[in-house]
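The sequence and the structure are shown below.

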Amino acid sequence: MRPAYGPLQMLLATALTAGCASQAPPGPAPPETEEAVPRPVVISPEPDRPAPPARPDSISASLPPDTVESLHDVRIGVSVGADTVVIGGGDALVIFDRRGGFIGAIPRGERRRLARSGAHVAVVDRPDGGGSGRNARSPAIVRIAPREAGGFLRLGQKDYRGELWVFPGGESTGRGLTVVNRLGVESYLAGVIPAEMGRREPAERPALEAQAVVSRTFTIRNLGKREANGFDLLATVADQVYGGVAAETGAGWAAIRATRHQVLTYRGRVIDAFFFSTCGGRTAAGPEVFRAAERPYLQTMWDVSPSGEAYCRISPRFRWQVEWTPADLAVLFRQTLPPVASVSERDIDSVGDVRVAGRTVSGRVAAIAIDLRGRSRETVTVRGPDIRRVLRAPPPPGQLLLSAAFDLSTDAPSGRLVATGSGAGHGVGFCQWGAIGRARAGQTYAEILEAYFPNTQLERLN
C-alpha cells in the first residue's frame, strides 16, 4: 500500500458507527464488551454539548513541542454517572463556565470536588472539608483547563491533556455527572496506542504505527457516535482503551509522528476500521459479526505466513479451552438466555445437549442449539453475537467467550461441556497480535494495513 497524500474528499460524510470491543494484546485484557452494530449517525463539527472552547488556543496550548498538532478535536467520556468527581491535586487549574466566564481557580496540589445540583454542577471546596462549602455559581457545564501552557488536568488519580468538561447526566440513566476530556485527536491517540498495544520492542514499531493509523481512522469515522450523551467515544473497550497521560510512551508518540494525520480510506471515504486482539489464524468478514457491514475491505482472509504459521500465534489467546459442568450450564443459562431467547428462568431446570448448529464463512460459530429440560422440554437456538453473550466463561456469568471460533464437545465421564477455541475478539478487520507478528517478520506499517484492509488507501487529513 503506497500512501496517497492529497485532498480527502467528503471526510466526515455519511459516517457509520464502527463500535469495536478492542482488547490490549499484552497481559490480561479487560473483559470484552458487547459489540456495537454500525448504524448511521449525524456528525456535527461543532456539537452543541459541550460547546466549543471560548479560548480556541486552550487545547493546543497544553501540547509540548515534541507532540503532533491535531487537525480535529475529540470528546472522550472518561467518567459517566458518578455522584461526585474530584478535580486537581497536580498542576494549577482554572474553572470556567461554558462561555468562558471565570468561576474559580485550583492552586497546584489542591483539589476540588464537583457534585450535581439539579441541572447544574456545584463546585465544592477541598474534599478534606476545608474551605467555605459550595461555590455560589453553579453553571450547567463546567470547563476546566490548566493554568499554564503544557499543564495537565487531574481527574481522580489520572492526568489528561486538553480540557475537562463536566455536566449533569450519565449514559442512558441521566444520573450523576459526566466528565468529558476534550483534546486533539493526535494527543488522544498518545493515550490509546500503548493502552491498546502495550510496550513493544523496537522491531515491533511498525505494529504501533499500523495501530496509530487504525485508531486515528476509527476516531475520525466515529466522531459524534455518542452525541446523545455529550461526547464522541468512551475511554473503554466499548470503543478504544484510553489511559490519558499515564499511558503515553515515547514509542507511541513516535508512531503518531511517523503516521502524522494519516487515515485509511476507500473511494475517498474514511473506512470502518474495526480491530480486535487475536484472529487465531483467520479473520472474519464484516457481516459475520456486524449488521450492514458488507465492505470490500472487510473480507475473511487467512492470516498466515508463507510457511503456513499464523502471524498471531504469539498471542496468549491464540488457543484456549473453557469447560462447564452441567450445574454450571444450568445456572449460566438461567441468567443469560432469557434476555435473548423466548424462555424464562423458570423453564430451565437442567441442560441437555449443547451443539454447534451452523458456521460462518470463516469457520466461526454462527448458531448453537441448546436442549433445555424444565417445565417444558425445548430446543433453543442462539445466533450471531448473542452466542458469546450466552455461552460465557465460568463462573456464571463470567466474561464473554473469547471468540466465536470454537468447537464443542462433551466429556463422557463427567458430562462437562468443553469449548476448544482460538483467538480473542470479534475477528473483523485488524488483528493486533497478527500485526505484531507481521512487524517481527519485517513488514512495514503500510504493508500490515494493506493485508488487513485490502484495496484501501492511506491518505493524509487536511
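In this predicted model, the buried residues of helix H5 are covered by elements that include strand E16 (319-324), strand E17 (350-359), strand E18 (365-373), helix H6 (386-390) and strand E21 (417-422).

**Helix H5**
- Helix H5 spans residues 326-336, and its buried residues are Leu 329, Ala 330, Leu 332, Phe 333 and Thr 336.
- An α-helix has 3.6 residues a turn, so residues three or four places apart point the same way.

**Nonpolar cores**
- The largest nonpolar core holds 80 residues, of which Leu 114, Ile 144 and Phe 430 touch the most other members.
- Helix H3 gives the most to this core, contributing 8 residues.
- When neighbours within four places in sequence are left aside, the contacts of Ile 144 are Ile 87, Leu 93, Val 94, Ile 95, Leu 114, Leu 153, Glu 163, Leu 164 and Val 166.
- A second, separate core has 29 residues, including Val 351, Ile 368, Leu 402 and Phe 406.

**Packing of H3 with H8**
- Helix H3 (residues 205-221) packs with helix H8 (residues 445-452) at an angle of about 55°, and their axes are 8 Å apart.
- H3 is therefore oblique to H8.
- The crossing of H3 past H8 is right-handed.
- On the H3 side, Pro 206, Ala 207, Glu 209, Ala 210, Val 213 and Val 214 take part, and they meet Tyr 445, Ile 448 and Leu 449 of H8.
- By class, this contact of H3 with H8 comprises 8 nonpolar residues, 1 charged residue and no polar residues.

Notes. Residues numbered from 1 in each chain as written. Predicted model: local features only at pLDDT ≥ 70, side-chain atom pairs only at ≥ 80, totals over all residues. Heavy atoms only, no water. Axes fitted to C-alpha atoms, helices over the stretch in contact; angles between N-to-C directions. Helix = DSSP H or I, 4+ residues; strand = E, 2+ residues; numbered from the N terminus. Parallel < 35°, antiparallel > 145°, perpendicular 65-115°, else oblique. Left-handed = near helix turned anticlockwise from the far one by under 90°. Contact = heavy atoms within 4.5 Å. Nonpolar A, V, L, I, M, F, W, Y, C, P; charged D, E, K, R; others polar. Buried < 20%, exposed > 50% of the residue type's maximum accessible area, 1.4 Å probe, protein only. Core = buried A, V, L, I, M, F, W, Y, C linked by side-chain atoms within 4.5 Å.
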